[in-house]
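This report describes one protein model together with its ligand. Please look at the structure below before reading on.

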Amino acid sequence: MNKRAHNFSAGPCTLPLECLEEAQQEFVNYRNSGMSLIEMSHRGKHFMEVAEQAESLCKEVFEVPDDFSVLFLQGGAILQFSMVPMNLLTPETRAAYVNSGSWARGAIADARQYGDIYVAWDGESCNFTRMPNTKEISLQDNTRYLHITTNETIGGIRFPSWPDVDVPLIGDMSSEYMSRPVDWNKFDLIYGGAQKNLGPAGLCVVFVRKSILENTNKNLGRYLRYDIHESKSSMFNTPPVFAIYMFGKVLKWMRKEGGLSAMQKNAAEKSALLYGTIDQSGGYYRCPVDVACRSHMNVVFRLPNDDLEQQFLKEAAELDLMNLKGHRSVGGCRASIYNAMPFSSVEALSTFMHDFSTRNG
Ligand SMILES: Cc1ncc(COP(=O)(O)O)c(C=O)c1O
């Protein structure tokens with residue numbers, strides 16, 4: 001039996017055990033071919049089957065309508081910070097960004113290299129503890145899109161509902177991918193790195209509305225063009241074969257577990273258990289985030305002081321409750337509880353939190 005820690009890492013992170021075990025079994029001799037899948041041509045029958053299955057399964061599981069294409073790219077979500085404005089902006093148009101925290105700031109900084117960008121709502125004044133509601137987002141003329149980071153991994157906030165604006169949305173969903181349904185009518189493009197809810201690092205999954213591809217910028221290096229990746233079915237260059245293979249396994253697991261609605265329900269229950277533990281601690285634990293915008297994936301919290309936080313992390317690790325330290329830029333604690341995180345691990349953390357506050361309160 002493999003030892004499994006309670007791994008609360010923000011990504012790469014916990015993946016479904018059965019997917020890891022299946023990959024382990026198949027790794028050296030894939031389907032009796034005498035080769036590992038990662039030793040084969042990406043254009044051979046074995047990998048083509050893997051890629052086609054991953055593509056159709058992700059449309060099925062994420063309930064993606066036919067007018068969207070899915071692209072399997074590399075470069076992580078961060079490459080999308082550049083590809084989105086490079087492809088979508090023209091000299092006549094500008095783009096709006098919601099500045100919701102660390103990751104949005106990165107998207108804004110990169111987009112500024114390529115066009116006319118403005119901040120349509122700035123969370124700086126509330127110290128990034130909430131998302132805006134639609135009325136607070138101010139859009140200018142000739143806005144091609146509004147970019148949102150649907151879940152801020154470091155700040156622990158998410159959009160409780162999708163903004164209702166007159167321009168297409170672009171969503172960085174990296175840290176809550178395939179954990180809640182999307183209102184596809186509102187989006188032109190959604191992207192995210194795989195290394196949280198979907199599989200290993202190395203794969204970035206992009207959903208793009210097909211009708212916008214005719215009008216994307218063609219004066220770019222080929223790898224940077226969405227239309228080229230789409231016309232080559234994500235085989236323009238050698239794709240990240242191992243990551244796509246694992247993604248396919250995670251998708252099968254998601255479907256077996258009940259699909260998107262089950263992921264959404266589990267995330268609500270797991271996060272409610274931790275927020276409940278925080279709220280019922282008599283102020284011992286504090287979550288700085290506006291209640292309505294609390295992330296269902298990244299639960300951030302503080303203890304009464306730095307020394308107690310250090311002690312908390314040390315004792316947690318002794319119980320195999322791992323990777324609870326908050327991001328280095330903000331400190332505190334953070335429990336990332338992505339799709340594959342078992343409820344029992346969240347219960348173990350909740351029990352420990354209760355026990356620790358009772359002993360050190
Ligand atoms: C919301 C968000 N956007 C972007 C990124 C960067 O993703 P990548 O490392 O895949 O480039 C991350 C990474 O954690 C993230 O959480």
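## V299 and its contacts

Leaving out residues up to four places away in sequence, V299 touches G156, S271, L274, Y275, R334, A335 and I337; contact means that the C-beta atoms, placed from the backbone, lie within 7 Å. V299 is part of strand β11 (residues 298–301). Strands (E, at least two residues) and helices (H or I, at least four) are DSSP runs, numbered from the N terminus.

V299 counts as buried because it has 26 C-beta neighbours inside 10 Å. A residue is buried with 20 or more other C-beta atoms within 10 Å of its own, exposed with 12 or fewer, and partly exposed in between. C333 is 34 residues from V299 in sequence, and their C-alpha atoms are 8.3 Å apart.

## Basis of the model

The model is predicted: local features need pLDDT of at least 70, side-chain atom pairs count only at pLDDT 80 or more, and totals for chains, interfaces and linings use all residues. Residues are numbered from 1 along each chain as its sequence is written.

## Ligand surroundings

Around the ligand are G11, G76, A77, I78, W103, T149, T153, D172, S174, S175 and G193, where a residue is near if its backbone-placed C-beta atom lies within 6 Å. Helix α3 (residues 76–88) supplies the largest share of this shell, 3 residues.

## Overall fold

The protein has 9 helices and 13 strands. Of its 361 residues, 43% count as buried. Among contacts between residues at least 6 apart in sequence, 67% join residues at least 24 apart. The C-alpha atoms fill a box of roughly 60 × 60 × 30 Å along the principal axes.

Note on methods: Two residues are in contact if their C-beta atoms, placed from the backbone, lie within 7 Å.
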